[in-house]
Amino acid sequence: MKDVKGKVAFVTGAASGMGLGMARAFSEAGMKVMLADIEAGPLQEQVDDLKAKGGDVAGVVLDVTKREDVLAAAQKTIDTFGKVHVLSNNAGIGVFGKSETCRMSNWEWVVDVNLWGVVHGLQAFVPLINSHGEGGHVVSTASMAGMVGLSGAGPYNATKFAVVGIMETMMAENRKTDLGISVLCPGAVATNIASSTRNRQDEYGGAAPPSEKESIADVLAGGLHPDAVGRQVLEAIIDNQAYIFTDPSMRKMIESRHKRLMAGYDWADNCEALKEEKQAGGLPSGLLGS
Ligand SMILES: NC(=O)c1ccc[n+]([C@@H]2O[C@H](COP(=O)([O-])OP(=O)(O)OC[C@H]3O[C@@H](n4cnc5c(N)ncnc54)[C@H](O)[C@@H]3O)[C@@H](O)[C@H]2O)c1
């Protein structure tokens, strides 16, 4: 999307952190923005602040785990602004713990917010973006934890790899359409994610302060300013950039993973079990969107 002025964006998790950074950058660029969040008070404060700065913005309270909330928020966006061009599936929470020992209610919470929240956003908004013929863009917030497995965060990694998988699939499906697709993979960003349990719904165990063990607040405090990520996402939408990495020093993490993957192929090349077997010889190019 080369020309964003006057276009409409919908951002989840917009009351704090990177979602707020995006809402600010989009509004400064002359976009109309619907800010969506589960936290009503902070959401209203940010909507008021952007309005005071001259932004054409509005807010909607929603829980992204609830499909009906996201559908209602989509309807409110259309009722308020007439159309929608940009979807930012950004709301997310952090859960720590190993896959095999993480409390099931926390497993379910992180999957419901970080994965189902994204699916609900896509189902509610992509048909609306595709309906007006003016093109648009979808960006979902994954993480470097969606690129490389990070110790002690299996459930979180699982959701972020899933988001990367969904967005890579949409990239393949939309190479020849006017719908741009990006996946945001932040490194450390100074947001409020270390206190994610402030928003834990009752069905997953209720709100709680972050435990000592879980707190990564110190690491994140030294991270990138979330407003910089907001500006970077705006630039990526304009440039139609697929992968948005916020910390170039983390390139080596992906290079190391790539080497480990290639070692798997080196091993398979000499694997006894495959020696005499017939193969399909790859996948049809259509599956890769080419
Ligand atoms: N901060 C980092 O270092 C970092 C790194 C990689 C990825 N991320 C991802 O960035 C995204 C944004 O997080 P952040 O770091 O800005 O944290 P944040 O806590 O500052 O912001 C997240 C926002 O999402 C909202 N939210 C939480 N649960 C919700 C729900 N069920 N429905 C609607 N809104 C909900 C929160 O109220 C909050 O306003 C998340 O997807 C997170 O996983 C963060």
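Two residues are in contact if their C-beta atoms, placed from the backbone, lie within 7 Å. Helices (H or I, at least four residues) and strands (E, at least two) are DSSP runs numbered from the N terminus. The model is predicted: local features need pLDDT of at least 70, side-chain atom pairs count only at pLDDT 80 or more, and totals for chains, interfaces and linings use all residues. Residues are numbered from 1 along each chain as its sequence is written.

**Exercise 1.** Determine the strand order of the open sheet.

Solution. Step 1: strands pair if DSSP finds at least two bridges between them. Step 2: the seven strands follow the order β3-β2-β1-β4-β5-β6-β7, with parallel pairing. Step 3: β3 (57-61) and β7 (243-245) are the edges, each pairing on one side only. Step 4: β1 (residues 8-12) and β2 (residues 32-37) pair in the parallel sense over five bridges, and Thr 12 stands opposite Ala 36 in β2.

**Exercise 2.** Describe how helices α2 and α3 lie on the strands.

Solution. Step 1: axes are lines fitted to C-alpha atoms, for helices over the stretch in contact, and angles run from 0 to 180 degrees between N-to-C directions. Step 2: α2 (residues 40-52) packs on the sheet, touches β2 and β3, and makes about 175° with the direction of β3. Step 3: α3 (residues 67-81) lies across β1, β2 and β3, at about 155° to β2.
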